[in-house]
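Dear colleague,

Please find below the structure I promised to hand over. My notes on it follow directly after.

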Amino acid sequence: VAITTRLLVSHLSGIRHYEKDVTKVKEEKEKANRAIKPCQNKEDKEGKGIEKTDSVKLRKEQEGEVKSRNSKPGRRDKEFEQEEYYLKEKFESVIESLKIFKNDPLFFKPGSQFLYSTYGFTLLSAVVERVSGQKFTDYMLKMFRDLDMLSTVLDDNEAMIYNRARCYVYNKKGRLVNAPYVDNSYKWAGGGFLSSVGDLLKFGNAMLYSYQVGQFKNTNSKLLPGYLKPDTVAMMWTPVPKTEVSWDRDGKYAMAWAVVEKKQQCGCCRQQRHYASHTGGAVGASSVLLILPEDLDSEAVGMGLVAPPRGVIVSIICNMQSVSLNSTALKIAREFDKEKWAQ
């Protein structure tokens, strides 16, 4: 089989996540399918519908989204019972960390199914390291500096990091305790960086600016180019077939982002806004970054009356494990968007 970087970035590679047993993953898929069967339409029942996810993580996060409304945030999540979340070994390079899973079988033929995989991004970081000719961590830190994200650093246990937050979890008795010691050098790309709300907002603005700048009239070349080309961001925010998103059932996975497309089937009915987001979950911490682009007024854009970025960006970082944040971020974004149009 062939695994491309596009398959890796959209979690279609077949590389496992933290669960090593493919049988357990399939069992979880069957349970998830049975749970949503009453909601399937006739076409789905006949096997012609969209293929459901194989990801244990997705199902657990879906359950967690519902449970979070009725329980304390940060309660124990079975997802975090996987042993590999708590590795303490320090890896000197991403190439070295590939040994954790490089000899394990693929769970399915690449491109045929969706399985959220942190290790898929570890392999992706190894590709970046080889192509760039420099350490992946050095490559990323230079990029963060270009984006003025000066508070975004490696989650290195030995380094003295100013304002590093302490992380918390609930133990089996439901009591709040300090998160256990882990070394995230085995997954820099999939959960190995520390950041701040301010830095994530800078990153979101850079993405939104790059996405929109091509749509604005560039009067006298006043607008600088985006960090990425508009077509690149549009491609990254285009839903990929056979994917699903745990934190919003209206969404699909794109390229390292979850995307909900603009949609309204009937007048005076529910309107689905276009937005891109991604949640983060680590031992003792949860996060989300959500970008809600503004529906641009073509006349204002054409006359150069407004400039990018236009929209709402929400960033939340919580030093508590297993907190579902996407729905909260979306509500906040919609409130700011509503207030802006009210003015």
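**Strands, helix and core**

Within strand β8, Ala-285 is the bridge partner of Ala-282. Please bear in mind throughout that the model is predicted.

The hairpin made by β7 and β8 has 2 residues between the strands, and Gly-284 takes a positive phi near 85° there. Strand β7 (residues 275–282) pairs with β8 in the antiparallel sense, over 7 bridges. Strand β8 is also joined to β9 by 8 bridges, and these two strands run antiparallel. Val-288, for its part, stands opposite Ile-316 of β9. Of the 9 residues of β8, 8 are buried, which leaves the strand mostly covered.

Helix α9 packs against this region. Its buried residues are in contact with α10 (230–236), β8 (285–293) and β9 (311–318). Among those buried residues are Leu-200, Gly-204, Met-207, Leu-208 and Tyr-209. The length of α9 (residues 197–212) can be checked as well: at 1.5 Å a residue its 16 residues should span 22 Å, and because the end C-alpha atoms are 22 Å apart, the two values agree.

The largest nonpolar core has 42 residues, and those with the most contacts inside it are Tyr-119, Met-207, Trp-237, Trp-257 and Ile-291. Two or more residues each come from α1 (5–9), α6, α7 (136–146), α9, α10 and β8. This core lies between domain 1 (1–29 + 77–146 + 183–191) and domain 2 (195–342), because both give residues to it. Leaving aside neighbours within four places in sequence, Ile-291 is in contact with residues including Gly-204, Met-207, Leu-208, Trp-237, Trp-257 and Val-312. Another core, of 15 residues, lies apart from the largest one, and Val-260, Leu-292, Leu-330 and Ala-333 are among its members.

The aromatic residues deserve a separate word. The model has 12 aromatic pairs, counting rings whose centres lie within 6.5 Å. Why is the pair of Tyr-116 and Tyr-253 edge-to-face? The ring centres are 6.2 Å apart and the planes stand at 85°; planes over 60 degrees apart count as edge-to-face, so the pair of Tyr-116 and Tyr-253 is of that kind. This pair links distant parts of the chain, 137 residues apart: Tyr-116 is in the loop between α5 (94–97) and α6 (118–132), while Tyr-253 is in strand β5 (residues 252–253). Both Tyr-116 and Tyr-253 are buried. Finally, one aromatic cluster is formed by Tyr-18, Phe-80, Tyr-85, Tyr-86, Phe-101, Tyr-119 and Tyr-186.

With kind regards

Note on methods
Residues numbered from 1 in each chain as written. Predicted model: local features only at pLDDT ≥ 70, side-chain atom pairs only at ≥ 80, totals over all residues. Heavy atoms only, no water. Phe/Tyr/Trp six-rings, centres within 6.5 Å; stacked < 30°, edge-to-face > 60°. Helix = DSSP H or I, 4+ residues; strand = E, 2+ residues; numbered from the N terminus. Buried < 20%, exposed > 50% of the residue type's maximum accessible area, 1.4 Å probe, protein only. Expected span 1.5 Å × (residues − 1). Contact = heavy atoms within 4.5 Å. Pairing = 2+ DSSP bridges. Core = buried A, V, L, I, M, F, W, Y, C linked by side-chain atoms within 4.5 Å. Domains from an automatic or database assignment.
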